[in-house]
Amino acid sequence: MTILLWILLVAVIIYIAKGVLIVQQQEVMIIERLGKYEKTLESGLNFIIPVFEAPRGMSKRVTQRGLDGTVYSYSKDVSRIDLRETVFDFPRQNVITKDNVTITINALLYYQIVDAKKAVYAIANLPDAIEKLTQTTLRNLVGQLDLDETLVSRDKINQELRAILDEATNKWGVKVNRVELQDIIPPADIQSSMEKQMKAERDRRAAILEAEGLKKSAILKAEGQKEAAINQAEGEKQAAILKAEGIAQARVIEADAEKEAIQRIINALADKGQPDKYLIAMKYLETLSDITAGENNKVVYMPYEATGILSSVDGIKQMFDKK
């Protein structure tokens, strides 16, 4: 009797222990009663009725790295549903572009379960469904683009793929937060051609930049020479103007001085008569002095109107005699 009580007590403890469930933070459990959905257990301490109530499991993708370094993944059923954001690394797949070029693409998907009930009951194998949906959608998007567009439109493909997947997985209780294309690898011959094309394009740009630099240098040099010539001409112009103004002022001053001297002579000779003859005689004498001033002048000649000079000199002599 005592053994039976002990057995009954152990069975009760085991029964009660199976009815106590502790759910961790950011995890939930789907509970079924006799095969029908009953409730969703949140994080913390929860109680169920064993035998009548049991957790409903779902498939989860698990990725591991083997001893040889190979990464492989497999699916397993779990009773606790993780609500944290999960990263899904898809295996490489071949995709054909619009211009019939086969490229290899590797994608990353970040998703999060927001409704555990839909994730369990709306789809049989959630990770496999997301993978197949992503692969087919990626093929459709890349099939609408040429190779060059695919290589430069990575952000555009990411956004369109995320929008399509987020809408399609909404009925599964899944939120797709982000999609990233890790690698886009064209065939080896296409890569070689692209490298040659890029090298030729770089050489062309370098030649254009060099030609533009030489052109700008020549333009700047010509503009510098033009400005220098203009400045030089302007300087010569200002110098000529200043020189001409100086000569003119000197002539004016000289003329004023000569005018003053002549006026004084006229005033001095006004009482003695014939000041004009005196001035004419002095000018003739100055002219003769200039003519015979050179070292190589050997011939002394008298001008044609020598008699006029002599008469003027005689007039000067008579004026001084009267004095």
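A: The side chain of Glu53 makes a polar contact with the side chain of Arg33, at 2.3 Å. A polar contact is a pair of N or O atoms within 3.5 Å; within protein, one must be able to donate a hydrogen and the other to accept it, and residues adjacent in sequence count only if both atoms are side-chain atoms. This is a predicted model, in which local features need pLDDT of at least 70 and side-chain atom pairs count only at pLDDT 80 or more, while totals for chains, interfaces and linings use all residues. Residues are numbered from 1 along each chain as its sequence is written, and side-chain values use heavy atoms, with hydrogens and water left out.

Glu53 is found in strand 5 (residues 53–56). Helices (H or I, at least four residues) and strands (E, at least two) are DSSP runs, numbered from the N terminus. Glu53 has a relative accessible area of 4%, so it is buried. Buried means under 20% relative accessible area, exposed over 50%, and partly exposed in between (1.4 Å probe, protein chains only). Leaving aside residues up to four places away in sequence, Glu53 touches Ile31, Glu32, Arg33, Glu38, Lys39 and Ile48. Contact here means heavy atoms within 4.5 Å.

Two of the residues touched by Glu53, Ile31 and Lys39, stand opposite each other, with Lys39 in strand 3. Strand 2 (residues 27–33) and strand 3 (residues 36–41) run antiparallel and are joined by five bridges. Two strands pair if DSSP finds at least two bridges between them. The pair forms a hairpin with two residues between the strands.

Leu34 is found in the loop between strand 2 and strand 3. Its phi is near 55°, a positive value in a residue other than glycine. Most residues other than glycine have a negative phi. Leu34 has 68% relative accessibility, so it counts as exposed.

Val51 is placed in the loop between strand 4 and strand 5. Val51 is not a glycine either, yet its phi is positive, at about 75°. At 73% relative accessibility, Val51 counts as exposed. Phe47 lies in strand 4, and because its relative accessibility is 53%, Phe47 counts as exposed.
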